[in-house]
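Have a look at the model first, then read on.

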Amino acid sequence: MHFNLSTLLTVGMLFASPSAFALNIFTCQPDWASLAKLHAPDADVFSATTAFQDPHYIQARPSLITKMRKADLVICSGAELEVGWLPELQRQSRNTKATAAGGGLFFVTEHVAVLDKHDHVDRSMGDVHAGGNPHVQFAVADMVNISVALTAKLQQLDPASQADYAKAGEQFRHQWQQQMQVWKAKAKPLVGKHVVGYHTTYRYLFAWLGMEQVADLEPKPGVSPTMSHLASLSKLDTRDTYAIVYATHQTNDAATWLAQRNHLPVVVLPQSVGGTDAASDLFGLINNSIDLLLTPRSVN
Amino acid sequence: MKKIWLMSSVALGVAGNVAADTLSQIKGPDISVVLDGFYQDGERAFSHRGEGFGLGHTEVGLSASVDDKFRGVLTSVFESHHGSTEIELEEAFIETLALPYGTKVKAGRFLSNFGYLNSKHTHEDAFTERPGVYRALLGGHYYDDGIQASILLPTDFYLALSFEALSGKKMDAGFDDPATVGVYSGKLSLGADVGESHSWMLGLSVLRNGNGHMQFGGDHDHGADDDDDHDHDHGGHSHGPAYTGRMLYGADFTWKWAPQGNYKYQHIRFTSEYLYLDDVMDAPFSALEGAKDSVSGYYGEVVYQFTPSWSVSTRFSRFDHIEGHDVHGHGDHAHGHFENEKLQELDFALAWHSSHFGVIRGQVSQQDYHGEKNNIVSLQYIMTFGAHAAHAF
């Protein structure tokens, strides 16, 4: 009996060994690294950027080329967010898997009901993406769709562990949908609130929470705040404005300057997973962002 | 029942739209345009940017995937010189997209991988012109017809090797019967990050030019650089290097810094390169007074972008060389003599970046050449529109 059990275990381990093959996943943002870990706990996951880096301005560094060379799967936001560096990494890493044709490229925006698409874009409009707003780490309601698509992609790349991915995906979606109710209830006081933003980073979060960004510290998307633009914002009627919202990776001078003149409180949100201590994974990112939005602080 | 059917069809319709909108259609090639105009007071040695108003490196580029295995790039360059406009084909190459083991092959006309600056387009530079040693030994940037094979090794740090075989016609010292494949070159590149804020890259290059040394016994024996353009000149200015030799060696180092790796608000780049040209001339010439078998030079530059829209840069460069005076072959012996010369430059530039796609730059260069100090002032714009290819490190 003892002998049989150990034989069974050995045979079991032999069968299990194909699934011990760990997928190597390269992500463009820490949010997708978190999502990948939640869907493929055994995978070797790397994020090319941190929450403190502007994702439009990443250098195609030697270290990133080396990492991408080894990737089985590349997960990025897409909609041209990474257009200034991802194509160079793909070209230089010579990884045929990490391309659309190779099947190992997953753009999250392709699985999101993208907001603010433009039929006509030219550069006088600033850094506007024709494909719509790419900051989809805050597309709370779409995360279920993203999870389904990512699960299918993982199963396609690593068929031996199909059942594991199915289970992890279902578990993620179950938890996420539960949390969505918790977050919605908690964020009730935020419904209808108007804010001044800095870039369109929180477009999806505000839309989901029923908030509205009525002004932007940037004169045009991607164009840094200018004195004349801030001066015009300081003259706005702010009786209906709740707060000035910016991200931990952005400089605070523009927001502070305006807050002192308009006497508006400020909220500093994580841009991505890791942007604050509490935003340690995708759940924490949304939860912490709502907590921070609920408690604006005044600037003196 | 009907209501449920309607709702699900609406849901399907929405999902269908999401899919249809993001499915990319076959689009035309990426077209990019670089406009480079300048006003300059004075002229730099070994340069083809003249005094006054002019157009620098005005580029029109086309690129696209040919299929799943090849990509094609075509770049033509327009430059104005003393009232006439020249058109030059700078790049016309294909490269593989699907070779295994991190390998790639490029064929056609392309920028050689030698050194750090050479493989970059000049619109990426932080200065109006490349350093003196680059202008003298590589003609500013060396591109040629040939083939390149390269490999990115599966190491934990960045390690890449490339090999090139090129026609070498631009670097021909004036051979009557030049080798068909004149130039072979190789490069080793290393790189890594140090923490979140620092990145570096190191390159070692070697280039063998079979037609590079000053040959004795031909019909056209003449001295190295009798009048700054012993190579293929087009009416008084040169595109090729002024100095060639049998072997060219290069070492380059680049370091970049941005606080927490966030390049948007501020960052610094430091680059330095050393170039050493060896085996410059045949024996009867090298026995002449003042003759040397090698020339060399270096530069170091720092670029500091201190806000999203302003950057300052400074560069020091030096090129130690020899100049021939009335050097020529005569039967079985040579005449003339050589003198030591140095070109030393100190540059300062201030640039305003209207966005990621536009730069207006003012530059002052102090040039120390032929025992004379000159100040050269340049005002330049570089604006790009259309597709804008991502830049390499």
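Chain B and chain A bury about 3300 Å² between them, and carbon and sulfur atoms give 52% of that; buried area is the accessible area (1.4 Å probe) that two parts lose on being put together, summed over both. This is a predicted model, where local features need pLDDT of at least 70, side-chain atom pairs count only at pLDDT 80 or more, and totals for chains, interfaces and linings use all residues. Residues are numbered from 1 along each chain as its sequence is written, chains are lettered from A in the order in which they are written, and side-chain values use heavy atoms, with hydrogens and water left out.

**Where the chains meet**
- B:Leu152, B:Lys264 and B:Tyr265 supply 18% of what chain B buries against chain A, more than any other three residues.
- Chain B brings 46 residues to the contact and chain A brings 36 (contact means heavy atoms within 4.5 Å).

**Charged pairs**
- You'll find five salt bridges between chain B and chain A (a side-chain nitrogen of Lys or Arg within 4 Å of a carboxyl oxygen of Asp or Glu).
- One salt bridge joins the side chains of A:Arg91 and B:Glu95, at 3.4 Å from N to O.

**A residue to look at**
- B:Trp352 sits in strand β17 of chain B (strands are DSSP runs of E, at least two residues, numbered from the N terminus).
- B:Trp352 counts as partly exposed because its relative accessibility is 35% (buried is under 20%, exposed over 50%, partly exposed in between, using a 1.4 Å probe and protein chains only).

How values were computed:
Helix = DSSP H or I, 4+ residues; strand = E, 2+ residues; numbered from the N terminus.
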